[in-house]
Amino acid sequence: MKEETSLFLLRNVMIIYSWSLDDVCDADDIKCQNLQISTPGEIIYGQCYRHAALRRLLKGSFLNCLKECMKTSTCSNVSYRRDWKMCDINGNINSEVELVHEHGCFSSNISSWSRKLVGKCATHSCAEGRKCVLKGEEIACEIAYCIGRPFAANAELNEPFGLSRDLKHGMMYKCTNRIQMIGKPFAVCRKTGNLCLFVEKDIWCLNSRQLARALLPVLRDTYANQKRRLTELNNLSTCFIQKNELEPFWWVNLGQVYMVLKVVSTDRIDICCGDRLRKMLIHVGESLDTSRMELCGQFIGPGVSGQVIVTPCNTLPKGQIVKLTSVNTVPRPFHLTEVEVYGVE
């Protein structure tokens, strides 16, 4: 009885653990079938990790999955879905990571494999968020993924294979508790200077009270409020006017940072000259330097006198300064009767 129990346990262990590549490598993957290492690493069948992926690679081989893990800083494990040819390069396993039983998926701890597979990158010391690349005969480190997890209030991840942190890759989210979403449901990993950060501004889940508040303007500015910013006066009851320029602009300081949803502007309301507005760009930011501001949207004219122009900010930019610029091919004045800015703190 004792011997039968031991054999039973051994048999189950062999189902989960294997040191053979015969049923891992595709039949035509010669490199994978003939690895130039003395002993293949440990492979665990039927189990994969979710929410641990630093990078997610598609249409790649298991061998490439191993190599990319070795080149990626803080990678400790790979999960490979053979039917999808999908490789998850996993970071450190912690309490946020979920181990799931999944048919056709297998994982392997990278420590059980020889680092000779990646040549010169075997000794890399790239910082977190980077991977080793070979440039000529030298190795270098380049940004590959975002550190940490996105934060999206009132939202949860809506990806079938869990979280990934790839550079330029967006992860889909959905609102919880039947809360309404406005904007795009993605958190995107983007490079900013020498850093790689998640941008969650596209995810906006609001309850009914927040939504009602968001639909009220944070600013309603008319001609009467703009005297100190005028460069030339016209009919006091109709509009403000800026001088003849190629790119005259109007701006307002909201007093604090807002996420701007839309800008509603009204063209000159008298019968004269509404068509002078040919093209208008709206930017949001922390200063008047357009190169440092984010584009909310644009209006392509010509405008019509009294026209109400609704410009939605599809990217939901954040800032304290809202700048409206009239873009012309020949110098023209810029005049509006009213500007409304809608946003939330």
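Colleague: Is the disulfide of Cys48 and Cys105 left-handed or right-handed?
Modeller: This is a predicted model, in which local features need pLDDT of at least 70 and side-chain atom pairs count only at pLDDT 80 or more, while totals for chains, interfaces and linings use all residues. Residues are numbered from 1 along each chain as its sequence is written, and side-chain values use heavy atoms, with hydrogens and water left out. Cys48 and Cys105 form a disulfide (a pair of cysteine sulfur atoms within 2.5 Å), and because the torsion about their S-S bond is about -85°, the disulfide is left-handed.

Colleague: How many residues apart are Cys48 and Cys105?
Modeller: Cys48 sits in strand β2 (residues 43-50) and Cys105 in strand β6 (residues 98-109), where a strand is a DSSP run of E, at least two residues long, numbered from the N terminus. The pair therefore links distant parts of the chain, at a separation of 57 residues.

Colleague: Is Cys121 buried or exposed?
Modeller: Cys121 pairs with Cys132 in a disulfide whose sulfur atoms are 2.1 Å apart. Buried means under 20% relative accessible area, exposed over 50% and partly exposed in between, using a 1.4 Å probe and protein chains only. Because the relative accessibility of Cys121 is 4%, this cysteine counts as buried.

Colleague: Which cysteine is joined to Cys296 by a disulfide?
Modeller: Cys296 lies in strand β19 (residues 294-300), and the other cysteine of the pair is in the loop between β20 (308-312) and β21 (318-326). At an S to S distance of 2.0 Å, the partner of Cys296 is Cys313.

Technical notes
Helices (H or I, at least four residues) and strands (E, at least two) are DSSP runs, numbered from the N terminus.
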